[in-house]
Amino acid sequence: MSQRENILGMTDRELRKQVILSQGLLLAASIIFSLLLFDSIEDWFQYFNWNPKEIFNFGLLPGIIIVLIDVILMRFLPKSTFDDGGVNEKLFTGQPVSSIFFLSLLVAWTEEMLFRGVIQTSFGYVFASVFFAIVHIRYLKKPVLLASVLMISFYIGYLFEQTGNLFVTITAHFIVDFLLGVTIRYYKGGIIGEA
């Protein structure tokens, strides 16, 4: 059975549980690797800087711009270009906005802690950005989705290079996932986005 068939065969509740479980594993990995790769936990926590102006300018605004570009592309390219096998549509369609908010925040938090906070700081910007795209395996056979996730990954990695602030990248990632999740939730034509 393919990943797509397996996911589409799950109930909404089972799929949410799987997403939460996978994000829990990423969180555990980020904590374990941070303990192994950093001299002290304080070295790792230096990347969490509460700077509202920086978070707004380099997290919120770029996240909105990324979503606007995606929505424009979705408007003009064939729907099949953005079809990830129905996974995002199954994950977000029919969900309350509060559930989309929670899942988007969880994914943004755990993935940014691991990919920017641990992998990028330890192995570099390019490695972390490419690895992030590879982890989104369901996009690898879809050129537009793969290009999109690669560009977003490199852009968010660049934001981290410029700011050194995980709250910036978590915000940008959250905005992208949340707004695209809400778009999928309410768009009757079944737009498929980046989650």
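S104 is buried (under 20% relative accessible area, with exposed meaning over 50% and partly exposed in between, for a 1.4 Å probe and protein chains only), its relative accessibility being 2%. The structure is a predicted model, in which local features need pLDDT of at least 70 and side-chain atom pairs count only at pLDDT 80 or more, while totals for chains, interfaces and linings use all residues. Residues are numbered from 1 along each chain as its sequence is written, and side-chain values use heavy atoms, with hydrogens and water left out.

S104 is placed in helix α6; helices (H or I, at least four residues) and strands (E, at least two) are DSSP runs numbered from the N terminus. Not counting residues up to four places away in sequence, S104 touches F174, D177 and F178, contact meaning heavy atoms within 4.5 Å. A polar atom of the S104 side chain lies 3.3 Å from the backbone nitrogen of F178.

Q95 lies in the loop between α5 (87-92) and α6 and is also buried, at a relative accessible area of 5%. Although Q95 and D12 are 83 residues apart in sequence, their C-alpha atoms are 8.6 Å apart in space. With residues up to four places away in sequence not counted, Q95 touches D12, R16, I100 and R185.

In helix α7 (residues 125-135), the buried residues are A128, S129, F132 and A133. These residues lie on the same side of α7 because they cover an arc of only 130° around the axis, the arc being that of the directions from the helix axis to the C-beta atoms. The buried residues of α7 pack against α6 (97-123), α8 (143-163) and α9 (166-186).

Methods. A polar contact is a pair of N or O atoms within 3.5 Å; within protein, one must be able to donate a hydrogen and the other to accept it, and residues adjacent in sequence count only if both atoms are side-chain atoms.
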